[in-house]
Amino acid sequence: MAKNVKKLTLANKLAKRGDLIKPAEIKSRPNRADNVRDIEDLVGVSSGAAGSSSSVFFSPVQTRKQRLLNGEAVKKTNMKMEPLSPARVAPKKNRKEDRMVTRVQMGSATVVICKVVPDAVDSPVRVDKVKEEVEPQIKQEAQEDSHSYSEVLAPHPLWFNHLENIRIMRNSRTAPVDTMGCHRCADLKADSKTQRFQNLVALMLSSQTKDQTTYEAMNRLKDRGLTPPKVKEMPLTELENLLHPVSFYKNKAKYLKQTVEILMDKYGSDIPDNVKDLVALPGVGPKMAHICMAVAWNKITGIGVDVHVHRLSNRLGWVPKPTKEPEQTRVALEKWLPFSLWSEVNHLFVGFGQTICTPVKPNCGECLNKDICPSAHAEIKEKKKKDR
């Protein structure tokens, strides 16, 4: 009995000294991370330090005591606070390449990568300082692009300035087309043939319909099984219910049924790989065909002109004379716009038309083209004329 009392007394002494945890506490702490007050409590005991012992348990007091003795914590803190001199900077091969990289987008779609100088590795990077450093490079790139397009006979002399400003505005604001556009509607887990079919279906549904409505309808169809055989077996009334509230959903359901029949009979449940055959499908127009070729087949065959591209092209003066139909706008744009920009115009203009240059009451005050746009503040100008 005396021996047992002696052992318990020794255990209590050791626990007070921090070398051992009381047996009663072990049951209440099955996980060594329980009751940890800060990150320093998780640091294990260094086996090389004097007076330390390796154990499955740890003592916060003992860890801090050893840290104070060897001065590691103080050294690390000072090193973080002090800017590193070139002599103390680690070799490039020993550093993470992307840790001290700042990405800046200004004026063009090119991503400029700016690395921080060695003496400021651990200091916060100021965005305005980075902009000052890369501003000459950005201006030079824009100047080179403008020179390469200087011989383009565009309807508006400042068309390239319009384009650069729209790029800047699109980079700073997300539009519905960026997250819910037709190129985002296909199931990425499906095979390539099924993805191409779903791209076509999304384009067929998107006509005169908001991206959010199209995206939700596509999700309902994919949950049901969006493949040509599944759509063929589906009753027409059920397909209409899945498409609602897409604009003209009854007509689109009928066109989709007819299109599926053609795809299964002539193309092995795939979609055509050329504009001529795509336009021949029920409910598919030139705009859908050109966008489908770019999204599904990764081929640029023309400019996809929808209501947004049609509206902006007329407002900016990118057509020689006002056009009434999107197809007329497409023909006019393709006569002068460089081919290298055809793939960019649709996505760029659609997002810009959804956020700033809206159909009704455009936000001209927020637009960077307000001083060089022929249609800027058109309503205000008309009101002034009426007042006179």
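**The H9 and H11 pair**

Tutor: Helix H9 (residues 211-224) packs against helix H11 (residues 236-243) at an angle of about 140 degrees, and their axes are 8 Å apart. Axes here are lines fitted to C-alpha atoms, for helices over the stretch in contact, and angles run from 0 to 180 degrees between N-to-C directions. Helices (H or I, at least four residues) and strands (E, at least two) are DSSP runs, numbered from the N terminus. H9 and H11 are therefore oblique to each other. The angle classes are these: under 35 degrees is roughly parallel, over 145 roughly antiparallel, 65 to 115 roughly perpendicular, and the rest oblique.

H9 makes the contact through Ala217, Arg220, Leu221 and Arg224, while H11 uses Glu238, Leu239, Leu242 and Leu243. Contact means heavy atoms within 4.5 Å. By type, the residues of this contact of H9 with H11 are 5 nonpolar, no polar and 3 charged. Ala, Val, Leu, Ile, Met, Phe, Trp, Tyr, Cys and Pro count as nonpolar; Asp, Glu, Lys and Arg as charged; the others, Gly among them, as polar.

A word on the basis. This is a predicted model, so local features need pLDDT of at least 70 and side-chain atom pairs count only at pLDDT 80 or more, while totals for chains, interfaces and linings use all residues. Residues are numbered from 1 along each chain as its sequence is written, and side-chain values use heavy atoms, with hydrogens and water left out.

Now the core. The largest nonpolar core has 33 residues, and Phe197, Leu200, Val201, Leu205, Met218, Leu221 and Leu239 touch the most other members. A nonpolar core is a set of buried Ala, Val, Leu, Ile, Met, Phe, Trp, Tyr and Cys residues joined through side-chain atoms within 4.5 Å. Buried means under 20% relative accessible area, exposed over 50%, partly exposed in between (1.4 Å probe, protein chains only). Two or more residues of this core come from each of helix H8 (192-206), H9, H11, helix H12 (249-266) and helix H14 (286-296). H8 gives the largest share of this core, 7 residues. Another core, of 29 residues, lies apart from it; among its members are Ala175, Ile303, Leu337 and Val345.

Next, the loops around the pair. Thr209 sits in the loop between H8 and H9. Thr209 counts as buried, at 13% relative accessibility. Its side chain has a polar atom 3.4 Å from the backbone nitrogen of Ser247. The side chains of Thr209 and Lys252 are joined by a polar contact of 3.3 Å. A polar contact is a pair of N or O atoms within 3.5 Å; within protein, one must be able to donate a hydrogen and the other to accept it, and residues adjacent in sequence count only if both atoms are side-chain atoms. Leaving out residues up to four places away in sequence, Thr209 touches Thr214, Val246, Ser247 and Lys252.

The peptide bond from His244 to Pro245 is cis, with omega near 15 degrees. Ser269 is in the loop between H12 and helix H13 (275-279). Phi of Ser269 is near 70 degrees, a positive value in a residue other than glycine. Asn298 has a positive phi too, of about 60 degrees, and is not a glycine. Asn298 is in the loop between H14 and helix H15 (307-316), and it counts as exposed at 69% relative accessibility.

Two more sites round out the view. Trp342 is in helix H17 (residues 342-355) and is buried, with a relative accessible area of 13%. The C-alpha atoms of Trp342 and Ile303 are separated by 5.4 Å, although the two are 39 residues apart along the chain. A polar atom of the Trp342 side chain lies 3.5 Å from the backbone oxygen of Pro338. Asp178, in helix H7 (residues 176-180), is buried at a relative accessible area of 17%. A polar atom of the Asp178 side chain lies 2.9 Å from the backbone nitrogen of Ala175.

Finally, the whole chain. Its secondary structure comes to 18 helices and 2 strands. Of its 388 residues, 36% count as buried.
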